Amino acid sequence: MPKPLYIFLFLLLATQVKAQEIELPSDFRQHNLNQYNSSLFNPVFSLDRNNPQSFSIWSRWQWQQPDADPTTLFATYTHKINPNSAGGIGFIQQNTGLFLQTGAVLNYAYDFEIAPDFYLALGINLFGYQQELADDRFQQSPGLGLPILNNGNSFVVQTAPGMRLSYKNLSLGFMAENLLEYNLSERENNKGNADNVYFGSASYSFPIDGIGILENASLRPMFFIKSIPAMDTQYGLNTLFATNRIWAQGGYHNFYGFSGGIGGTFFKKFSIGALVEIGNSTELDGKDPTFEIVSSYQFALPDSRRKIVGFEVEEEDLVEEIPESPKEKKLSRKERKALALAEEKREQDSLVEARKQDSLVVARRMAEEKERMRIQAEIQKTKDSLAAVAERDAVQQKEEVQLAKGERFEEAVLTEDIRPGYYLIVNVFGTQRYYNKFMETLKKMGLDPKSFYRTQRKLNYVYLERYDTMGEARKARDSKFDGKYTDTIWIFRVKGG
């Protein structure tokens with residue numbers, strides 16, 4: 001009997017066993033992933049929606065089926081490689097109803113700037129998983145040799161490339177969920193081109209002004225559509241409301257129904273949330289709700305930007321001691337250079353004194369002596385200035401800061417060559433294009449913004465002015481920089497080594 005006929009008989013028997021079951025689509029059911037693990041939604045989302053560096057876990061219990069839990073499990077570590085690229089590695093397990101797939105996934109994405117405010121992001125997910133039958137209730141008869149069962153488990157490699165076009169707060173995404181699906185065990189393609197799963201999305205981010213728990217809030221609705229072979233096209237809408245501390249989401253999927261979820265971030269590093277999805281179609285009558293749980297741990301303090309072009313917020317508070325080379329080493333080199341120039345000038349004066357004492361020589365010597373005295377005066381002035389700076393820095397270094405309740409303040413010893421003092425910070429950026437846009441905005445406001453870069457954090461700190469004392473910095477902050485800047489201002493103290 002031909003092999004295709006054996007396969008047909010097996011599928012027919014399996015259909016009789018599961019005759020009362022709803023056919024479950026074989027694609028990833030990632031349509032609710034808005035806050036964490038979003039690289040499964042589209043590989044380019046690891047750039048700004050996975051909150052690197054972080055480890056996140058997502059689990060989905062489809063209709064609470066006890067014999068299939070967890071229906072989907074996805075755990076991933078995401079790392080920010082540089083301002084334009086990110087990558088990750090993870091574990092995935094999915095029950096498609098017919099197969100149980102267990103394996104690993106690699107992710108990489110890169111963001112290209114095509115024009116001002118216009119970006120193209122490209123990414124890919126590479127899956128490698130062991131595939132086995134998910135339902136073993138059908139027992140094969142010893143006398144019936146079905147080739148599809150004799151082959152046993154198989155190992156499959158699958159690629160899912162994706163892209164995203166974004167202009168300011170608008171983004172359009174596309175992903176081919178299984179562009180390549182190759183069975184290494186069978187040494188053959190698992191499907192034809194007609195079996196490809198395609199996924200498209202469109203979203204827009206709205207910034208929302210708020211304070212306290214609603215600080216740095218944003219609202220992001222997203223429409224999506226997915227084509228699945230031999231099934232109706234899926235489509236839906238989900239909306240995410242997120243701040244630094246909480247998030248809430250709601251959505252609709254034409255096959256799975258309505259969903260709603262909430263979550264929060266605790267101790268600035270650990271996040272957890274839950275979602276419930278309830279079917280509303282007639283074919284899902286009698287089905288229990290579907291539950292999802294997501295959690296995430298940030299190994300480094302997260303870049304808590306709004307994820308909206310042109311807007312970012314401060315880095316999380318942290319007092320950190322990092323040794324740095326003393327500034328005096330650089331200053332002493334400058335002083336030695338000035339002294340060397342003075343010594344060279346004195347040697348020239350000695351040559352002049354050896355010449356004949358006529359009026360011309362005397363006049364020249366007087367001019368050279370005047371120049372030497374001028375250089376010495378400059379050297380002394382430099383010494384006095386350095387001494388004054390050192391004295392001010394010493395006083396500032398000894399100053400003990402008493403924080404008022406709720407006052408935003410941070411201090412650190414930096415490895416970079418940054419003068420100690422109190423800096424009036426207005427924003428912190430981890431992405432170059434957001435930094436450039438914000439600096440342009442401040443200049444248009446008539447301000448003269450400055451910045452310094454923290455290598456360890458890979459962040460640019462934008463400040464309005466530097467002060468020698470906490471009192472001066474507080475006065476400038478409380479006055480909103482003499483009324484010139486009305487948004488959030490906080491103080492960062494740079495301590496000497």
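Here is a short chat about the predicted model shown above.

Student: How confident is the predictor in this chain, as mean pLDDT?

Tutor: This is a predicted model, and its mean pLDDT is 81, with 79% of the residues at 70 or more.

Student: And where does pLDDT stay under 50?

Tutor: Residues 1-20 are one such stretch, and the model has 18 contacts for them beyond four places in sequence. Residues 137-150 are also below 50. Where pLDDT is low, the predicted coordinates should not be read in detail.

Student: OK, new topic. How many residues are in the largest nonpolar core?

Tutor: That core has 27 residues, and Leu40, Phe41, Trp58, Phe74, Ile92, Phe127 and Trp247 have the most contacts inside it. Among the elements giving two or more residues to it are β3 (85-95), β4 (99-115) and β12 (217-227). The top contributor is β5, with 3 residues.

Student: What does Leu40 touch, leaving aside its neighbours in sequence?

Tutor: Setting aside residues within four places, Leu40 is in contact with Phe28, Gln30, Leu33, Trp58, Phe74, Ile92, Asn125, Phe127 and Met175. Apart from that core lies another one, of 22 residues, including Val401, Tyr422, Leu447 and Met470.

Student: Let's do charges. How many salt bridges does the structure hold?

Tutor: It holds 18. One of the pairs is Arg60 with Glu277, at 2.6 Å from N to O.

Student: Is Arg60 buried or exposed?

Tutor: Arg60 is buried, with a relative accessible area of 0%. Glu277 is buried too, at 2%.

Student: Which residue does Glu177 meet in a salt bridge?

Tutor: Glu177 pairs with Lys226, at 3.4 Å from N to O. Glu177 is in the loop between β7 (170-176) and β8 (180-183) while Lys226 is in strand β12, so the bridge ties together parts 49 residues apart in sequence. Glu177 is buried at 3% relative accessible area, and Lys226 is buried at 2%.

Student: Which residues are linked in a network of salt bridges?

Tutor: Glu407, Arg474, Arg477 and Asp478 are. Within it, the closest N and O atoms of Arg477 and Asp478 are 3.1 Å apart. Arg477 is buried at 16%, whereas Asp478 counts as exposed at 55%.

Student: Last one: what does the side chain of Glu411 make a polar contact with?

Tutor: The side chain of Arg493, at 3.4 Å. Glu411 is found in strand β18 (residues 409-413) and is buried, with a relative accessible area of 15%.

How values were computed:
Residues are numbered from 1 along each chain as its sequence is written. This is a predicted model: local features need pLDDT of at least 70, side-chain atom pairs count only at pLDDT 80 or more; totals for chains, interfaces and linings use all residues. Side-chain values use heavy atoms; hydrogens and water are left out. A nonpolar core is a set of buried Ala, Val, Leu, Ile, Met, Phe, Trp, Tyr and Cys residues joined through side-chain atoms within 4.5 Å. Buried means under 20% relative accessible area, exposed over 50%, partly exposed in between (1.4 Å probe, protein chains only). Helices (H or I, at least four residues) and strands (E, at least two) are DSSP runs, numbered from the N terminus. Contact means heavy atoms within 4.5 Å. A polar contact is a pair of N or O atoms within 3.5 Å; within protein, one must be able to donate a hydrogen and the other to accept it, and residues adjacent in sequence count only if both atoms are side-chain atoms. pLDDT is the predictor's confidence in each residue, from 0 to 100. A salt bridge is a side-chain nitrogen of Lys or Arg within 4 Å of a carboxyl oxygen of Asp or Glu.
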